[in-house]
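Here is a short briefing on one helix and its surroundings. Please have the structure open as you read.

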Amino acid sequence: FAPLIGIPAQLQGDLVLLPGVGRFEIARGGSGANFMATGLAVALLLGEIERACRSRRVLLLCSMVVLAIVSNWIRVLVIIDAGYTTHMRHVLVSEGHPMKTH
């Protein structure tokens, strides 16, 4: 998705390559799984608080799956954009995200 916002990124296995800038390593079981688990927990809690019927609970869970996936992709794109535009010097890149520069 990075090329859609003008970033010449290439995906190579578990790496996102930014030519001339550096690369990001995609951690397995990272924040995406956390986004999903948190979202599903919130959807389940909301269903309980509302005392919702079964179909409403399924709708809440399905909606949260979509929301978690989309929000995680937005988060990833923001981090990649920050790395690309600052040559991997932005705080979003340097603090807590595995990266390697050339």
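Just after helix H2, His87 takes a positive phi of about 50°. This is a predicted model: local features need pLDDT of at least 70, side-chain atom pairs count only at pLDDT 80 or more, and totals for chains, interfaces and linings use all residues. Residues are numbered from 1 along each chain as its sequence is written, and side-chain values use heavy atoms, with hydrogens and water left out.

**Helix H2**

- H2 runs over residues 54-85. Helices here are DSSP runs (H or I, at least four residues), strands are DSSP runs of E (at least two), and both are numbered from the N terminus.
- H2 has 32 residues and spans 46 Å from its first C-alpha to its last. That is close to the 46 Å expected at 1.5 Å a residue; the expected span is 1.5 Å times one less than the number of residues.

**Packing against H1**

- The axes of H1 (residues 31-50) and H2 come within 8 Å and cross at roughly 150°. Axes are lines fitted to C-alpha atoms, for helices over the stretch in contact, and angles run from 0 to 180 degrees between N-to-C directions.
- H1 and H2 are therefore roughly antiparallel (angles over 145 degrees; under 35 is roughly parallel, 65 to 115 roughly perpendicular, the rest oblique).
- By class, the contact of H1 with H2 has 13 nonpolar, six polar and five charged residues. Ala, Val, Leu, Ile, Met, Phe, Trp, Tyr, Cys and Pro count as nonpolar, Asp, Glu, Lys and Arg as charged, and the others, Gly among them, as polar.

**Burial along H2**

- The buried residues of H2 include Leu60, Met64, Ala68, Ile79 and Ile80. Buried means under 20% relative accessible area, exposed over 50%, partly exposed in between (1.4 Å probe, protein chains only).
- Their cover includes strand S2 (15-18), strand S3 (22-25), H1 and helix H3 (91-94).

**Individual residues of H2**

- Asn72 lies in H2 and counts as buried, at 15% relative accessibility. Not counting residues up to four places away in sequence, Asn72 touches Ser31, Gly32 and Phe35; contact means heavy atoms within 4.5 Å.
- Leu77, also in H2, is in contact with Phe1, Ala2 and Ile5, leaving aside neighbours within four places in sequence. Leu77 and Phe1 are 76 residues apart in sequence and 7.6 Å apart in space, C-alpha to C-alpha.
- Leu59 is placed in H2 and counts as partly exposed, at 48% relative accessibility.
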